[in-house]
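Reader: I have a model open and want to learn how to read it. Where do I start?

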Amino acid sequence: MMRFSVPGLALGFFLVVGQLLAQPATPLSRLRVQGNAFVTADGKPVVFQGLNASDPDKLEKSGHWDRSYFEEMKRWGATIVRFPVHPAAWRNRGKAQYLQLLDKGVAWAGELGLYVVIDWHTIGNLKNEMYQNPMYETTRRETFEFWRTIADHYKDNTTVGFFELFNEPTVMGGKLGTCSWAEWKALMEETITIIRANGGKAIPLVAGFNWAYDLRDVAGSPINAEGIGYVSHPYPMKREKPWEDKWTADWGFVAKKYPLILTEIGFCGPDDKGAHVPVISDESYGDAITRYCDANGISYIVWVFDPQWAPMLFTDWTYKPTRQGTYFKKALQQQATRR
């Protein structure tokens, strides 16, 4: 006769509920890569404009990880939302409980027709396991285990369209040691192999160096994997005006051959709350980056839909827009009218 402890029953219940929550009521079309575009299952090209959530762990602790948060993003005109998962939060909450958070967010997003990017939100040098801040600390093994877990958990969920493998690779001018493109490329290819061997069907997204800004190495040595996209975070202070020709040389050229998504853009004025390098600018940056994306079929996601993290898009939980929030809310809503 089999015996079940109360904890065992509880775990079984949560696992069943988690699997149910992981399935959207009306599944979105499975995304895939075709040439230099993201396309739906029937081959229709999709260019995304969306918003970054703050870490689901942070939002849940403050009482704002709920459906209304996603409804507001939808009202702003988003078609995609990015979930930044900090390694420290993943460890501290524990895998099972963090997956419950993700499942809720994925379900709310799917119900509202929003695709999801799951992002391993770390900054530093994965090769040397040295990082910009303790919240970003991880190991190669933990990174591989995270993606094995996520790949298996969401393998049949079409709302989860993308896996951003590593938020912002950087050696910080040698302060975190060295990492060549060949070494980084091998780590990313290993991660993609693990994801796909565990059933993951979401599109892997790969960033380059200089805090995910620089993709020049892709020209001579692209990632050896089919069906992937590339990432850049072209904040305004990464280059001086005029930006456009520099953007093309540094990362924009990739969009001619591969799908490209800017998973973080944004700005704030020098006197705005949270102003810091590299985000200080004005609406001229917003005009330039949105025009550039429109002209080149590049998707973008604005950082960040939160009133504390910067550059923030709203000032408080009434969702009153900040300066950049006012700009991007209008930009996203204008895009929504064209769809």
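Reader: Is F38 buried or exposed?

Author: This is a predicted model, so treat each value as computed from it. The general idea: buried means under 20% relative accessible area. F38 has 3%, so F38 is buried. F38 sits in strand 2, residues 37–39.

Reader: How far apart are F38 and I261, in sequence and in space?

Author: They are 223 residues apart in sequence. C-alpha to C-alpha, the distance is 9.7 Å.

Reader: What share of contacts in the protein joins residues at least 24 apart?

Author: Take contacts between residues at least 6 apart in sequence. Of those, 75% join residues at least 24 apart.

Reader: Next, T263. Which strand holds T263?

Author: Strand 13, residues 260–265. The relative accessibility of T263 is 0%, so T263 counts as buried.

Reader: Which side chains make polar contacts with the side chain of T263?

Author: A polar contact pairs N or O atoms within 3.5 Å. The T263 side chain pairs with that of E164 at 2.9 Å. It also pairs with the side chain of H233, at 2.7 Å.

Reader: Which residues is T263 in contact with, leaving aside neighbours within four places in sequence?

Author: Contact here means heavy atoms within 4.5 Å. The list for T263 is N52, R82, E164, L205, V231, S232, H233 and I301.

Reader: Now a loop residue. Where is S54 found?

Author: S54 lies in the loop between strand 4 (49–53) and helix 2 (56–61).

Reader: What does S54 touch?

Author: Set aside residues up to four places away in sequence. Then S54 touches L59, Y69, P84, V304, F305, D306 and W309. With D306 there is a side-chain polar contact of 2.7 Å.

Reader: Zoom out. How many helices and strands does the protein have?

Author: 11 helices and 14 strands. Buried residues make up 55% of the 339 residues.

Reader: What does the radius of gyration say about the protein?

Author: Compare it with the value for a compact globule. For 339 residues that would be near 20 Å; the protein has 19 Å, so the two agree. The C-alpha trace spans about 75 × 45 × 45 Å along its principal axes.

Reader: And the surface and charges?

Author: The protein exposes about 14,500 Å², with 54% supplied by carbon and sulfur atoms. There are 38 positive and 37 negative side chains. The centres of the two sets lie 3 Å apart.

Methods. Residues are numbered from 1 along each chain as its sequence is written. This is a predicted model: local features need pLDDT of at least 70, side-chain atom pairs count only at pLDDT 80 or more; totals for chains, interfaces and linings use all residues. Side-chain values use heavy atoms; hydrogens and water are left out. Helices (H or I, at least four residues) and strands (E, at least two) are DSSP runs, numbered from the N terminus. The radius of gyration is taken over C-alpha atoms; the globule rule is 2.2 Å times the number of residues to the power 0.38. Buried means under 20% relative accessible area, exposed over 50%, partly exposed in between (1.4 Å probe, protein chains only). Accessible areas come from the Shrake-Rupley method with a 1.4 Å probe; for residues, only the protein chains shown count as cover. Lys and Arg count as positive and Asp and Glu as negative; His and the chain ends are not counted. The place of a charge is taken as NZ of Lys, CZ of Arg, CG of Asp or CD of Glu. A polar contact is a pair of N or O atoms within 3.5 Å; within protein, one must be able to donate a hydrogen and the other to accept it, and residues adjacent in sequence count only if both atoms are side-chain atoms.
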